[in-house]
Amino acid sequence: MKKYAIIVAGGKGLRMGADLPKQFMPIAGRPLLMRTLDAFLNHDAELVCILALPLVQMEYWADLCRQYSVDYSERVIVVEGGATRFHSVKNALARVPEGEESLVAVHDGVRPFVSEETIAATYAEAATSGCAVPVVDSVDSVREITAGGNVARDRSKLKLVQTPQTFRSSILKEAYHQEFRDTFTDDASVVESAGYKITLTVGNRENIKITTPFDLKVAEVLV
């Protein structure tokens with residue numbers, strides 16, 4: 001099946017405390033978003049990425065590609081992002097062809113350290129079961145805030161969710177026909193709401209979401 005990767009990059013850099021949106025920040029001399037795209041483009045020579053960007057950032061992205069002498073034109077389709085992550089994914093999904101089953105991964109643009117093994121595992125599982133979501137174990141103790149205070153939970157029964165979250169295109173398209181809800185925090189929650197079972201795969205610990213200045217320092221070390 002044909003592989004697609006929707007890369008959602010709508011951040012404004014607010015938690016980073018910078019004027020430059022976090023997805024464009026350099027990590028060891030290369031923009032974060034380029035590192036993310038390269039992880040998927042290097043996975044499969046025929047894979048197509050669909051990059052969802054705010055309209056106001058598209059010209060800057062084009063300038064950045066020229067600055068780094070990168071030509072993504074043949075394998076990266078740029079689409080306008082929406083008001084929320086849900087709407088950005090929905091806009092990008094419209095570029096996945098109808099009438100042929102394919103595999104679609106949805107990935108955060110600010111997770112540049114997703115491993116080849118994690119990407120491959122989600123595509124392989126989605127091809128079999130229809131849905132695949134990478135997770136890692138919680139290494140910290142976990143407490144839940146309740147009406148009466150807070151209570152300890154068994155961390156062995158809890159998982160930390162990552163991206164890419166990968167699905168058969170027919171499943172993801174059907175799920176995104178739903179109306180937006182505030183409870184849709186990721187693609188798995190959208191697909192689950194449509195009645196599908198979510199299958200978990202093994203993620204990689206380095207696959208962090210870079211949202212703060214501290215994360216950026218960790219990213220420099222990882223490179």
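1. Let me begin with a charged pair: arginine 168 and glutamate 101 meet through their side chains in a salt bridge, 3.8 Å from N to O. (A salt bridge here is a side-chain nitrogen of Lys or Arg within 4 Å of a carboxyl oxygen of Asp or Glu.) This pair links distant parts of the chain, with arginine 168 in strand 11 (residues 165–168) and glutamate 101 in the loop between helix 3 and strand 6, 67 residues apart. Helices (H or I, at least four residues) and strands (E, at least two) are DSSP runs, numbered from the N terminus. Arginine 168 is partly exposed at 22% relative accessible area, and glutamate 101 is also partly exposed, at 31%. For these labels, buried means under 20% relative accessible area, exposed over 50%, and partly exposed in between (1.4 Å probe, protein chains only).

2. A word on the basis of all this: the model is predicted, so local features need pLDDT of at least 70 and side-chain atom pairs count only at pLDDT 80 or more, while totals for chains, interfaces and linings use all residues. Residues are numbered from 1 along each chain as its sequence is written, and side-chain values use heavy atoms, with hydrogens and water left out.

3. Glutamate 98 lies in the loop between helix 3 and strand 6 (102–108) and lysine 173 in helix 5 (residues 169–175), so the two tie together parts that are 75 residues apart in sequence.

4. Next, please look at aspartate 187, which forms a salt bridge with arginine 85; here the closest N and O atoms are 2.9 Å apart. Because aspartate 187 lies in helix 6 (residues 187–193) and arginine 85 in helix 3 (residues 85–93), the pair ties together parts that are 102 residues apart in sequence. Aspartate 187 is buried at 0% relative accessibility, while arginine 85 is partly exposed at 24%. Both belong to a network of salt bridges that links Arg85, Asp108, Arg111 and Asp187. The count of salt bridges comes to ten.

5. Strand 11 also deserves a look for its strand partners. It pairs with strand 6 in the antiparallel sense over four bridges, and phenylalanine 167 in strand 11 is the bridge partner of valine 104. Strand 7 (residues 131–137) pairs with strand 11 too, again antiparallel, over two bridges; there, alanine 132 has threonine 166 as its bridge partner. (Two strands pair if DSSP finds at least two bridges between them.)

6. Finally, the aromatic side chains: the whole structure holds six aromatic pairs. In one of them, the rings of phenylalanine 86 and phenylalanine 180 have centres 5.5 Å apart and planes at 55 degrees, so the pair is tilted. (Rings of Phe, Tyr and Trp, the last by its six-membered ring, pair if their centres lie within 6.5 Å; planes under 30 degrees apart count as stacked, over 60 as edge-to-face and the rest as tilted.) Phenylalanine 86 is buried at 5% relative accessibility, and phenylalanine 180 is partly exposed at 32%. Elsewhere, ring pairs link Phe24, Tyr60, Trp61 and Tyr72 into a cluster.
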